[in-house]
Amino acid sequence: MIATNAPFPPYTMPSPAEGLTTERAIVIAAQRGSNDAFSALVRIHQRRAYAIVRAIVLSHEDAEDAVQEGFLHAHRALDRFRPDQPFGAWLYRIMANAALDLVRRRKVRVAEELPETIPIPFRDPAESGELRERLQQALTHLTNRQRAVIVMHDVEGFTHGEIGRTLGIPEGTARSDLHHARAALRKLLQNLRSTS
């Protein structure tokens with residue numbers, strides 16, 4: 001954390017209408033040692049952070065662990081963040097790295113059921129139960145990066161540039177990865193349909 005001699009009053013969360021300027025002010029307050037400000041950043045970004053991590057690890061328990069590790073790492077590294085940069089991109093890259101580190105450490109291969117709170121891409125309400133099962137099974141066959149890219153883009157609405165910055169890959173690679181992930185998912189879903 002940035003050391004300062006001047007005491008800062010307790011942090012009060014500004015109204016959401018203040019937008020990015022507000023987030024920048026929150027980041028600066030957190031860098032100056034305000035735990036309330038860092039808690040506000042956690043509240044702002046926790047849903048997207050969880051979705052990114054869950055796309056990589058596919059296990060709820062591992063996702064919770066990776067998100068906690070990611071926020072802990074972000075808190076420790078906050079003094080190195082430049083407030084003129086997008087905080088979300090910096091944080092989501094930390095989250096993606098925390099998830100990939102966890103996968104490497106635990107060699108996670110088996111996926112648990114995706115929670116109801118995360119929308120499933122390509123869901124047809126008439127076949128939601130069957131499609132959900134096929135989709136879950138197909139997602140376990142994609143690489144970690146393919147899962148991350150397809151969920152970040154098709155579920156969370158990240159742009160190719162945002163995905164690239166988050167995962168530390170060029171924007172063109174994110175675009176290519178999405179194309180290949182969709183093709184692999186279509187093929188896997190077709191194969192799963194024909195074997196059922």
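# Notebook: salt bridges and a helix pair

**Entry 1. E171 and R175.** I began with a salt bridge between the side chains of E171 and R175, at 3.4 Å from N to O. The model is a predicted one, so I read each value as computed. Where do the two residues sit? Both belong to helix α8, four residues apart, which puts about one helical turn between them. E171 has a relative accessible area of 43%, so I noted E171 as partly exposed. R175 comes out at 43% relative accessibility and also counts as partly exposed.

**Entry 2. The count.** How many salt bridges does a search of the whole structure find? I got four. I followed up two more of them below.

**Entry 3. D177 and R145.** The side chains of D177 and R145 form a salt bridge, with N to O at 2.6 Å. Which parts does this pair tie together? D177 lies in helix α8 (residues 171–195) and R145 in helix α6, so the bridge links parts 32 residues apart in sequence. D177 has 13% relative accessibility, and buried means under 20%, so D177 counts as buried. R145 stands at 37%, so I put R145 down as partly exposed.

**Entry 4. R82 and D84.** I found another salt bridge between the side chains of R82 and D84, at 3.5 Å from N to O. Is D84 buried or exposed? D84 has 53% relative accessibility, and the cut-off for exposed is over 50%, so D84 counts as exposed.

**Entry 5. Who makes the contact.** From α6, I listed R145, A148, V149, M152 and H153. From α7, I listed H160, I163, T166 and L167. How do these residues divide by type? I have five nonpolar, three polar and one charged.

**Entry 6. Looking back.** R145 is among the α6 residues in contact with α7, and its side chain meets that of D177 in a salt bridge.

Definitions and conventions
Residues are numbered from 1 along each chain as its sequence is written. This is a predicted model: local features need pLDDT of at least 70, side-chain atom pairs count only at pLDDT 80 or more; totals for chains, interfaces and linings use all residues. Side-chain values use heavy atoms; hydrogens and water are left out. Contact means heavy atoms within 4.5 Å. Helices (H or I, at least four residues) and strands (E, at least two) are DSSP runs, numbered from the N terminus. Ala, Val, Leu, Ile, Met, Phe, Trp, Tyr, Cys and Pro count as nonpolar, Asp, Glu, Lys and Arg as charged, and the others, Gly among them, as polar. Buried means under 20% relative accessible area, exposed over 50%, partly exposed in between (1.4 Å probe, protein chains only).
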